[in-house]
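Let's take a walk through this one, starting at a pocket and ending in the loops.

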Amino acid sequence: MQTSPDMAAALTRKAALAGVAVMATTTVHHAIGAVVYRTPWRLHIAFLSVPTIAVILGALALHRRGAGAPSGRAAFVVLAAALALVPIAWIGAFEGFYNHVLKDALYFLAPGSPVLVRMFPPPTYEVPDNALFEITGVLQVVPAWVAAAALARRVLGRRTARPGAVRPPSAYRMGSMR
C-alpha cells in the first residue's frame with residue numbers, strides 16, 4: 001500500500017522530530033556524564049548536536065516547502081542521510097545501544113565477565129554506577145528507534161502491516177489484493 005502525501009509528510013516530520021529528540025537526549029546525557037565523572041570533554045557532543053539539529057530542521061523546512069519539487073526531494077535526501085548517520089546509527093545504535101544497553105545488560109547479567117571488560121575496557125567506559133547517567137544513555141535508543149521506523153516507512157513508501165491492523169475496505173476489492 002503506497003503512502004499518501006499526507007502520510008509521507010507525517011512520517012517525515014515524525015522521523016525528523018525524533019532525530020532532534022535523540023540529539024537533545026544525548027546532549028543532556030553527556031552533560032550529566034561530564035559533571036558526574038568530572039570529564040568535561042564529554043561536552044563535545046554539543047558541537048555535534050547543534051549542527052545536526054540545524055541540518056535536520058533546515059532540511060525538513062526546505063522539504064516541506066517544496067516536497068514535489070527537485071529542491072524538496074534533495075532536501076529529503078539530506079534529511080534522510082543526516083538522520084540515518086547521526087541520530088540513528090551513531091547515537092542510537094552505537095552510543096545508546098552498544099555503549100549503554102549492551103554494557104548495562106552484560107554488567108548486570110554477567111558482572112566481572114571477561115567479555116564485559118574486553119568489550120568495554122576501562123577507563124574508556126564507566127562501570128554502571130550512576131543511575132541517571134545510565135538511564136539517559138539507554139533512553140537515547142527510544143527516539144532513535146522511532147526515527148528509524150518512521151524513516152524506513154517513509155523511504156519504503158508504504159505502510160508496514162501491524163498485527164491485528166484492519167485493512168481499508170478498498171483493499172478487499174478484486175485486483176487490489178497483494
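Which residues lie nearest the centre of the second largest pocket? They are His30, Trp41, Arg42, Glu95 and Asn99, out of 18 residues that line the pocket. Before going on, note that this is a predicted model, where local features need pLDDT of at least 70, side-chain atom pairs count only at pLDDT 80 or more, and totals for chains, interfaces and linings use all residues. Residues are numbered from 1 along each chain as its sequence is written, and side-chain values use heavy atoms, leaving out hydrogens and water.

A pocket here is an open set of points on a 1 Å grid over the protein atoms alone, where a 1.4 Å probe fits, with protein on both sides within 12 Å along at least five of seven lines; lining residues have an atom within 4 Å of a point. This one holds about 370 Å³ of space, the volume being what is filled by probe spheres set on the points, which are joined across faces, edges and corners. α1 (5–36), α2 (45–65) and α3 (70–109) each bring at least two residues to the lining, helices being DSSP runs (H or I, at least four residues) numbered from the N terminus. The most come from α3, with seven.

Now follow α3 to its partner. Its axis lies 9 Å from that of α6 (residues 141–156), at an angle of about 145°; axes are lines fitted to C-alpha atoms over the stretch in contact, and angles run from 0 to 180 degrees between N-to-C directions. Contact (heavy atoms within 4.5 Å) involves, among others, Phe76, Leu83 and Phe97 of α3 and Ala144, Leu151 and Arg154 of α6.

What about α1? Its 32 residues should span 46 Å at 1.5 Å a residue, and its end C-alpha atoms are 46 Å apart, so the two agree; the expected span is 1.5 Å times one less than the number of residues.

Finally, the loops. Most residues other than glycine have a negative phi, and most peptide bonds are trans. Arg38, in the loop between α1 and α2, has a positive phi of about 50° although it is not a glycine. The peptide bond from Pro122 to Pro123 is cis, with omega near 0°, and Pro123 is found in the loop between α4 (114–119) and α5 (131–139).
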